[in-house]
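Here are my notes on this model, as numbered points. Please read them with the structure open.

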Amino acid sequence: MPADTLAIDGGTPVRSRPFPREQKVGKEELKELIDVIYSGHMGRFGHDASKVAAFEEEFAEVYGVSHAIASTSGTSAIHIAVGMVNPSPGDEIIVGPITDMGSVVPVPYQTAIPIFPEVGRDTFNMDPASIEENVTENTVAIMAIHLFGNPCDMDAIMDIARRHDLIVIEDCSQAHMSEYRGKLVGTIGHIGCFSLQQSKHITAGEGGITVTEDEELAARGRLFMDKGWHRAQYGPRRYDVFGPNYRMNELTGAVALAQTRKLREIVALRRERGDLLTELIGDDPHVRPQRLLDGCEHTYWRYGMRVLEDAPFTPQEFAAALVAEGIPCSRGYIGRPIFLCHEAFRKQRLFGDSRFPFDHPNARDGIVYDESTCPVTQEVLDRMVLPIAPSQFLSEGDIREIAGAIRKVSSLLGR
Ligand SMILES: Cc1ncc(COP(=O)(O)O)c(C=O)c1O
């Protein structure tokens with residue numbers, strides 16, 4: 001077979017070795033865990049508890065913020081943020097339509113209604129013009145999703161928020177240490193939320209953390225995380241906020257603490273690898289990496305790309321050909337805007353057979369979640385492909401091979 005034959009057509013694949021296994025934890029995590037086991041104390045509160053508090057303190061230090069509240073997941077970190085906003089039934093929160101369900105679920109749980117703007121075709125992030133069009137008299141907050149680690153247009157979002165007096169929550173579940181014009185995402189809006197789920201930049205298997213500079217929001221969030229329990233009181237118990245139990249345990253805190261100490265190094269490596277990939281394939285005529293705004297730093301939780309409209313192949317064909325070359329590649333991310341991925345959500349039947357909060361007297365009429373809600377976002381999702389993420393586990397040679405395979409497929413497929 002000639003060297004310019006695609007593997008999918010019987011040619012030699014660019015790569016035949018598997019990619020390295022992602023071993024994310026080691027002796028540093030084990031050392032912190034041993035402390036917890038020997039202490040015999042695994043709950044976050046008590047005299048012998050120290051790891052969750054240390055994790056919060058060190059994470060806050062890395063981010064240069066005054067308050068950090070650990071919790072059990074990225075979803076809980078966002079739920080705490082929405083609890084801080086404290087919406088009334090029928091209030092609206094504008095949320096990015098390309099995200100995990102964990103960004104959305106906390107909104108109706110706190111009686112508010114998620115509203116979805118369109119995303120930009122090249123950034124895959126929320127389009128500020130569409131955010132503005134979706135602001136109504138019921139809007140109380142915007143939740144910015146920094147998709148795959150690519151910072152949203154925070155200047156524009158903060159400007160909209162200031163003009164309409166809205167709180168900005170940044171969902172940084174995929175964007176640890178991503179930078180927007182010299183600032184870390186998560187510190188630009190009023191509240192930043194992070195996931196420590198297994199696939200994330202740093203992980204404790206599961207876990208989350210919510211950061212803010214605002215004293216009042218922090219106080220409310222800390223109570224919300226712990227059932228609203230005002231623990232300082234003697235005498236009868238007192239609960240000041242209506243909230244669930246999202247306390248992180250000490251075992252998780254131990255791992256999260258050790259991971260936080262590695263965060264800068266992990267992110268620097270990912271950035272280097274991802275930027276190199278963009279340098280190698282950024283000018284391809286048929287496929288394009290997710291666009292990064294000027295002055296921003298991506299951290300590549302995933303490497304988002306789109307197959308251009310006039311390419312001589314479909315995204316499916318591209319992904320299949322890349323996989324045949326030995327490069328893992330998934331055909332897209334969530335496939336449909338998040339509200340179409342959930343039948344009960346689409347039907348607005350979230351609590352028993354009621355329509356709450358959509359039928360609350362304060363709710364706006366005419367909110368629908370269907371194919372007409374975010375057509376541009378659907379087109380973006382339809383053209384998206386995700387080759388293997390340029391993680392800290394890959395070498396520069398691995399990245400060059402990935403780039404070579406992308407170039408090969410793009411130039412030969414459909415020729
Ligand atoms: C953007 C985004 N938001 C929220 C979440 C929810 O995080 P978790 O799975 O830790 O609850 C995730 C996790 O996949 C995510 O990627």
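1. Helices here are DSSP runs of H or I with at least four residues, and strands are runs of E with at least two, both numbered from the N terminus. On that basis the protein has 14 helices and 14 strands. Keep in mind that this is a predicted model.

2. Overall dimensions. The C-alpha trace spans about 80 × 55 × 40 Å along its principal axes. The radius of gyration is 22 Å, which agrees with the value near 22 Å for a compact globule, because the chain has 415 residues.

3. Of the 415 residues, 55% are buried. Among contacts with a separation of 6 or more, 72% join residues 24 or more positions apart.

4. Surface and charge. The accessible surface is about 17,500 Å². Carbon and sulfur atoms contribute 50% of that surface. The protein carries 43 positive and 59 negative charges, and their mean positions lie 4 Å apart.

5. Helix 13. Which residues of helix 13 are buried? Helix 13 covers residues 375–383, and its buried residues are Thr377, Gln378, Val380, Leu381 and Arg383. Their cover includes strand 12 (305–307), helix 11 (315–324) and strand 14 (384–387).

6. Thr5. This residue sits in the segment before helix 1 (27–39). Is Thr5 buried or exposed? Thr5 counts as buried because its relative accessibility is 13%, and the cut-off for buried is under 20%. Leaving aside neighbours within four places in sequence, Thr5 contacts Gly10, Gly11, Thr12, Lys408 and Leu412.

Note on methods:
Residues numbered from 1 in each chain as written. Predicted model: local features only at pLDDT ≥ 70, side-chain atom pairs only at ≥ 80, totals over all residues. Heavy atoms only, no water. Rg over C-alpha atoms; globule rule 2.2 N^0.38 Å. Buried < 20%, exposed > 50% of the residue type's maximum accessible area, 1.4 Å probe, protein only. Contact = heavy atoms within 4.5 Å. Areas by Shrake-Rupley, 256 points an atom, 1.4 Å probe, with all protein chains shown as cover. Lys, Arg positive; Asp, Glu negative; His and termini not counted. Charge placed at Lys NZ, Arg CZ, Asp CG, Glu CD.
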